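Let's take a friendly look at a nonpolar surface patch and at some aromatic rings. Please have the model open as you read.

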Amino acid sequence: MIWYYLFTAIYVVICLILLLVVLLQQGKGDMAAAFGGGSSQSAFGARAGATLLSKATAVLAALFMLGALTLAIIGQRGPGSLMGGVPSAPPPKPVAPATAAPAPGTPAAPGTPAPTTVPPAPQQQPPQQPK
C-alpha cells in the first residue's frame with residue numbers, strides 16, 4: 001500500500017510540472033491568423049522546430065497518462081460491491097418435514113406439537129353496482 005502513496009506523490013509532482021511547462025510555452029499567434037486573417041503562410045502559422053518545452057510537454061503528457069493508468073490499477077481493491085460492508089441476512093432455518101397428523105381420538109407422541117388448523121380466509125364479494 002506504500003507504493004500507492006509513493007506513486008500518488010510522484011503523479012502530483014508530474015501534474016504540477018506539466019501545468020508549468022504548458023503555461024510557459026509561447027503562443028502560436030492570434031486566432032485571426034489561424035482562420036486565414038493576417039499574413040500567415042499556412043493555416044496554423046509557420047512550423048517551428050521542436051523546442052525543449054514542446055519535448056518536455058510530450059514526455060510529461062505521456063507520464064501523466066501512464067501515471068493515471070498505474071494509479072487506477074494499483075488503487076483497485078478487488079471485486080467489491082456497493083453493499084460490501086453490510087452484513088448479509090442470516091440464511092433461513094430449515095423447515096422440518098410435515099408429519100402425518102394422528103388420527104382423531106389418538107394421543108399425540110410426547111414432544112410433538114399439536115396440529116393446528118388455519119381457518120380459510122373469508123371470501124369477499126365485489127361491491128354491487130347501483131342500477
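## A nonpolar patch and its aromatic neighbours

Ile2, Trp3, Leu6, Phe7, Ile10 and Ile74 make a nonpolar surface patch of about 590 Å². The model is a predicted one. Helix H1, which spans residues 2-24, gives the most to this patch, with five residues.

Now to the rings. A pair of aromatic rings is described by the distance of the centres and the angle of the planes. The structure holds three aromatic pairs. One of them is formed by Trp3 and Phe7, and this pair is tilted, with 6.3 Å centre to centre and 35° between the planes. Both residues lie in helix H1, four residues apart, about one turn of the helix.

Tyr11 and Phe64 form another pair: their ring centres are 5.5 Å apart and their planes stand at 20°, so the pair is stacked. Because Tyr11 lies in helix H1 and Phe64 in helix H3 (residues 52-74), the pair ties together parts that are 53 residues apart in sequence.

How exposed are the residues of these two pairs? The table gives the relative accessible area of each.

| Residue | Relative accessible area | Class |
|---|---|---|
| Trp3 | 55% | exposed |
| Phe7 | 33% | partly exposed |
| Tyr11 | 16% | buried |
| Phe64 | 32% | partly exposed |

Tyr11 counts as buried because its 16% falls under the 20% cut-off. Trp3 counts as exposed because its 55% is over the 50% cut-off. Phe7, at 33%, is partly exposed, and this residue of helix H1 belongs to the nonpolar patch as well as to the tilted pair with Trp3.

Methods:
Residues numbered from 1 in each chain as written. Predicted model: local features only at pLDDT ≥ 70, side-chain atom pairs only at ≥ 80, totals over all residues. Heavy atoms only, no water. Patch = residues over 30% accessible without salt bridge, like charges linked within 9 Å, V, L, I, M, F, W, Y side chains within 5 Å. Areas by Shrake-Rupley, 256 points an atom, 1.4 Å probe, with all protein chains shown as cover. Salt bridge = Lys/Arg side-chain N within 4 Å of Asp/Glu carboxyl O. Helix = DSSP H or I, 4+ residues; strand = E, 2+ residues; numbered from the N terminus. Buried < 20%, exposed > 50% of the residue type's maximum accessible area, 1.4 Å probe, protein only. Phe/Tyr/Trp six-rings, centres within 6.5 Å; stacked < 30°, edge-to-face > 60°.
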